[in-house]
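Hi,

Here is the structure I promised to pass on.

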Amino acid sequence: MSIRQSTRPAGGTSRPDKHDPGTVAEDTWFVHGGNQADDTTGAIRTPIVMANSYQLPEDPTTLDDPDYGGLVYTREHGANQLGLERKLAALDHGEAAAVFGTGMAALHAAFFTLLNPGDHAIVSNVTYMRVWGLFDSLLPAKLGIEVAFVDITDLAAVQAAVRPNTRLVHTEVIANPDVRVADIAALADIAHAAGARLTVDSTFTPPPMFRPLDHAADLTLHSLTKYFNGHGDAMGGVVIGAADLVEDIRAGALWHVGGAISPFNAWLIMRGAITLPLRLERHCDNAQAIAEFLAVDPRVAHVAYPGLANDPHHERATAQLAGGAGGVVSFAIAGSHEDRVKFVNDLRVITSAVSLGHDETLIVYENYPEARAAAFDTPFRDHGLIRLAVGLEEADDLIADLDAALTTAYGPAR
Ligand SMILES: *Cc1c(COP(=O)(O)O)cnc(C)c1O
């Protein structure tokens, strides 16, 4: 099934309408969804309005009236933030969105808003490293938050971690970096029965591949720096969900803590979002081909990719995700630390650099500190983890590059 066509109404008889996602294919919706002509110029795409100050109402003391709809100051709103928020809410089936300067600013804003001192959070024990750091040290130390790290794929363990003061369950759909897959609807049931909220970092699974809000999550979060922008040249983050919750996050954590996105970055990300379905299909197809190559290579000790039929997370991935299993393949190669360094440095197409969702393929070889590594499968504990963020190049070039560098480090496959 193609990612890009996956929600086209079957045998639809209605006339396609760019304002109604139920009548058009995903590709069409990503081009048009959430767009609005500019009020002052008539430009069909939101023009860039750099940081600015806006004319106050006739009676400036009415500014704090919650019904005042005008723009005031760029930390709080601006044309490009609003345009991007409208588009992202439309693409991810949310009522409202608030955009931030980075993915971490958005994640922090959600946690800061949802958690109070003494509250308990259940957090996946494998998440993006800075999220892990927030829950491992900063939120407990600064705000008195209690945290249980659990294997989020073990629903019995998640249920067993619930306490009377549990207010939050947080997970990634496909986890950074070991690509385990969470069952979002089942986690939403556990969270809601406990009186808690489920926040889902869907950075590895952007729409139209997956939409956490359609599976009963309370908030969807993305690092827009990754697949949405798609070119590795702008940072941003977003929270998407019910309007009242998003407005709480905006009025609390965005206005008071800051973390606003720059208008230019918002504009770049809005532009990138249009081609997301086309790029995502290529990322997924390339990653699948590379995972299949690595899985049968005797020099590779372990491959984690939920698109592989024998991956322990394959069933949960195919049940939830449309059109592929994402663009990240994690693997381990045996031998010594020096062999692995030699492998990474011998690559001639793939770049050794952090981040993902770029046009170019990026690789990171990491050894985790013991406290964190304990959550990972044994091959990653023994050999470190190599995270390959597959880009848009031709898959055969990437596979040939990996094969040649493995040969440099380990000799030929046979
Ligand atoms: C990169 C990343 C983040 C952080 O986003 P930034 O835009 O770099 O702040 C959060 N979650 C996941 C899963 C990520 O990969």
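First a bit of bookkeeping: two strands pair if DSSP finds at least two bridges between them. Helices (H or I, at least four residues) and strands (E, at least two) are DSSP runs, numbered from the N terminus. Bear in mind that this is a predicted model, where local features need pLDDT of at least 70, side-chain atom pairs count only at pLDDT 80 or more, and totals for chains, interfaces and linings use all residues. Residues are numbered from 1 along each chain as its sequence is written, and side-chain values use heavy atoms, with hydrogens and water left out.

Let's start with strand 2, residues 120–124. Strand 2 pairs with strand 3 (residues 146–150) in the parallel sense, over 5 bridges, and V123 sits opposite F149 of strand 3. Strand 2 also runs parallel to strand 4 (residues 166–172), with 4 bridges joining the two; here H120 stands opposite T166. Together with helix 4 (residues 129–143), strands 2 and 3 make a right-handed β-α-β unit (right-handed: with the strands pointing away from the viewer, the path from the first strand over the helix to the second runs clockwise).

How many residues of strand 2 are buried? The count is 5 of its 5, where buried means under 20% relative accessible area, exposed over 50% and partly exposed in between (1.4 Å probe, protein chains only). Both faces are covered, with H120, I122 and S124 buried on one side and A121 and V123 buried on the other.

Next, the charges. Side chains of opposite charge can pair when their charged atoms come close. A search of the whole structure turns up 10 salt bridges, a salt bridge being a side-chain nitrogen of Lys or Arg within 4 Å of a carboxyl oxygen of Asp or Glu. Among them:

- R211 and E26, whose closest N and O atoms are 3.0 Å apart. This pair links distant parts of the chain, 185 residues apart: R211 is in the loop between strand 5 (197–201) and strand 6 (219–223), and E26 is in helix 1. Both R211 and E26 are buried.
- E146 and R163, at 2.5 Å between the closest N and O atoms. E146 lies in strand 3 and R163 in the loop between helix 5 (155–161) and strand 4, so the pair ties together parts that are 17 residues apart in sequence. E146 is partly exposed at 32% relative accessible area, and R163 is partly exposed at 37%.
- D151 and R180, with closest N and O atoms 3.1 Å apart. They too link distant parts of the chain, 29 residues apart, with D151 in the loop between strand 3 and helix 5 and R180 in the loop between strand 4 and helix 6 (184–193). D151 is partly exposed at 27%, while R180 is buried at 7%.

Salt bridges that share partners also join E85, E247 and R250 into one network.

D38 is buried but has no salt bridge, and R86, the nearest side chain of opposite charge, is 7.6 Å away (Lys and Arg count as positive, Asp and Glu as negative; His and the chain ends are not counted). So what does the side chain of D38 make a polar contact with? One partner is the side chain of T41, at 2.6 Å, and another is the side chain of T40, at 3.0 Å. A polar contact is a pair of N or O atoms within 3.5 Å; within protein, one must be able to donate a hydrogen and the other to accept it, and residues adjacent in sequence count only if both atoms are side-chain atoms.

Cheers
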